Amino acid sequence: MANKAPEPERKTKRIERDEHRGQWKSKTEFILSLIGYAIGIGNVWRFPYLCYRSGGAAFLIPYTLMVIFAGIPLFYMEVLIGQFSGTGCTGMFRLTPLFKGAGVAQIVVNAYCVCYYSVIISYPIRMITYCFFKKVPWEDCGNDWNTKDCVVIDEIGKNHYNETDTHVITSADEFFHLEVLRVSSGIEDLGGLVWQQLLSLLFVWVIVYLCVMRGIKTVGKVVYFTAPFPYVLLFVLFIRGVTLPGAWTGIKFFLYPEWHHLLDLRVWADAAIQMFFGLGPGWGGIVNMASFSNFRNNAKIDTFVIVGVNIFTSLFSGLVVFSVLGFLSEKSGVPVANVATGGAGLAFVTYPEAIAKMPLPQIWAIMFFCMLFVLGIDTVFVQLEAITSSILDEWLWVRQHKCKLTLCGCLFFFSVSTIMCTNAGMFIVQLFDWYSSAIAVIVICLVEIIMVSWIYGIKNFMLDVEFMRGKRPSWYWRILWQWVTPLVLVFILVMSIVFMRTITYNKISYPLWAIMIGWASFVSSVMFIPIYIVYIMIRKRATMCDSLKKRLKPLDWTPADPQNRADYEAFRRTRRMPDMMSETDVETK
């Protein structure tokens, strides 16, 4: 009887690595880059208003719980993944190759965000250009763009107008909408290009390119300025704000607890969305920045430092904003509750309105708008770098053309963003800000946590961390990653969809076709998750079931450094960790 042929030796499938990918020159560069990424305009114009509207200090309870049970575990997990693998958005899914579509989804979400976010941070540039005149032009109604409905905010308090008087428009409101934006009647009325806005957008992208053209080599230097500088301006604005009459009235409105708001599930949904926009898990930026970090870096300390700075910045910004809103209320006679607003209205209408009442308003306006610009541009750095690094990780031959790739990316995103420089531009910005990313990043985070805790296995992931750090994470982290955080994410996802508010801008509703485009932008990113799964199962020679099983195994999930990789493979054998995908598992067409 013939002997049975021996089975071929199992040989692990290898991914080609780039040994010249780069690394932060110091831990400070890494921390500053993540601080700059996690802290953006939303800390100034979204968090303070959400806090006031949702119960003041009471809002801090759901927000803190969301940070503890979802934000910190996700942030820490993504830093560990990036640091261990030395790869970005798409490469991280070698942990479970079947879900590589989630990496593509992250790239799409980042692409949407850099387009509309670059337009948002071009608005402060426009506003700064108006600050070099003898008087700031939004302080009165004597300008060419003003209408017969224009009133100075002082007159609102004196004549006892209220928020139901829709025919009353303040001078600052008309300045921003009729002069800066030159806004149309709705998204269906696209209008023409606002050339001054287009030039501001071009200026933004020139600055972005100069700062990221050599990747972390230039970003690591730029963040020494862009990360701490907003805090200098915030502190100066805080000192000025709290010394104004009426400041403490505004701060009281910001912090006074209204406990009944905790019974409203919308408040919890708002807290969750703010956490995602504030800390930035699920976007790929954290993983990508951590991939350039030292392999033995203490990621846990970094996580707590960055999250702590983020929460402090949100609260501190609230004090800065509401101290000035209290002053505006004092000067105008309008209650704080009526002058308080959020989003672009706070940053470009209400706050400038208050600045106009101060001595030397030009100086304070320049400081405020510079702060907004610097806060926002850090976020664009990291998101653009996440996109380019993902492309370079997939096609190593492109790395020698990194500057050209970055230039092409900047030109592409600038070109796409030009439609947001039309008269209907703000409506388009609001539409994509509303739909394209908020729910998508929750879905991506849910895929990530399931991949790590339940498919790759929480025990295996903790062994990876033990090899990297020399100490296994405590049971606290295991419970969070495996049980608590996934359940919280499911709750957040359901609440975010159920309590999705109807989109409006400046009290103008959007038509149904525009809302459908908004939802399509959401689908256009997350659809790559199931599409990639179906694609992998169909294109391979094995049966669908076999393809599914094989691609649930890690694919060369090892450190990037050759010595660390060799040590890790020995470590895996001693701990009897599961096999990775072999060369025989990777079928050809």
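Predicted model: local features only at pLDDT ≥ 70, side-chain atom pairs only at ≥ 80, totals over all residues.
Reader: Where is Lys300 placed, and why is Lys300 called partly exposed?

Author: Lys300 belongs to helix α15, which covers residues 299-332. Its relative accessible area is 36%.

Reader: How many helices and strands does the chain have, and how do you know whether its radius of gyration agrees with that of a compact globule?

Author: The secondary structure comes to 26 helices and four strands. For 589 residues, a compact globule would have a radius of gyration near 25 Å, and the chain has 25 Å, so the two agree. The C-alpha trace spans about 105 × 45 × 45 Å along its principal axes. Of the 589 residues, 60% count as buried.

Reader: What makes the contact of Arg182 and Glu179 a salt bridge?

Author: The side chains of Arg182 and Glu179 meet at 3.6 Å, N to O. A salt bridge requires the nitrogen and the carboxyl oxygen to be within 4 Å, so the pair qualifies. Glu179 has 13% relative accessibility and therefore counts as buried, the limit for that term being under 20%.

Reader: Which other residue has a positive phi of about 50° although it is not a glycine, and why is Leu360 called exposed?

Author: That residue is Leu360, found in the loop between α17 (344-355) and α18 (361-394). Its relative accessible area is 55%. Exposed means over 50%, so Leu360 is exposed.

Reader: How many salt bridges does a search of the whole structure find, and which parts of the chain does the pair of Lys221 and Glu29 link?

Author: The search finds 11 salt bridges. In one of them, the side chains of Lys221 and Glu29 meet at 3.5 Å, N to O. This pair links distant parts of the chain: Lys221 is in helix α10 (residues 216-226), Glu29 is in helix α1 (residues 27-38), and they are 192 residues apart.

Reader: Why is Glu29 called buried and Lys221 partly exposed?

Author: Glu29 has 4% relative accessibility and so counts as buried. Lys221, at 43%, counts as partly exposed, because that term covers the values between 20% and 50%.

Reader: What makes Arg501 and Asp270 a salt bridge?

Author: Their side chains meet at 3.1 Å, N to O, and the requirement is a distance within 4 Å. The pair links distant parts of the chain: Arg501 is in the loop between α22 (475-498) and β3 (504-505), Asp270 is in helix α13 (residues 265-279), and they are 231 residues apart. Arg501, with a relative accessible area of 33%, is partly exposed, whereas Asp270, at 8%, is buried. Salt bridges with shared partners join Arg53, Asp270 and Arg501 into one network.

Reader: Which residues form the nonpolar patch on the surface, and which helix gives the most to that patch?

Author: The nonpolar patch consists of Ile61, Leu65, Ile68, Phe69, Trp259 and Tyr476, with about 520 Å² of accessible area together. Helix α4 (residues 60-85) gives the most, with four residues. Tyr476 is found in helix α22 and, at 43% relative accessibility, counts as partly exposed.

Reader: Why is Tyr37 called buried?

Author: Tyr37, in helix α1, has 6% relative accessibility and therefore counts as buried. Tyr37 and Met289 are 252 residues apart in sequence and 9.6 Å apart in space, C-alpha to C-alpha.

Methods:
Residues numbered from 1 in each chain as written. Heavy atoms only, no water. Helix = DSSP H or I, 4+ residues; strand = E, 2+ residues; numbered from the N terminus. Buried < 20%, exposed > 50% of the residue type's maximum accessible area, 1.4 Å probe, protein only. Rg over C-alpha atoms; globule rule 2.2 N^0.38 Å. Patch = residues over 30% accessible without salt bridge, like charges linked within 9 Å, V, L, I, M, F, W, Y side chains within 5 Å. Areas by Shrake-Rupley, 256 points an atom, 1.4 Å probe, with all protein chains shown as cover.
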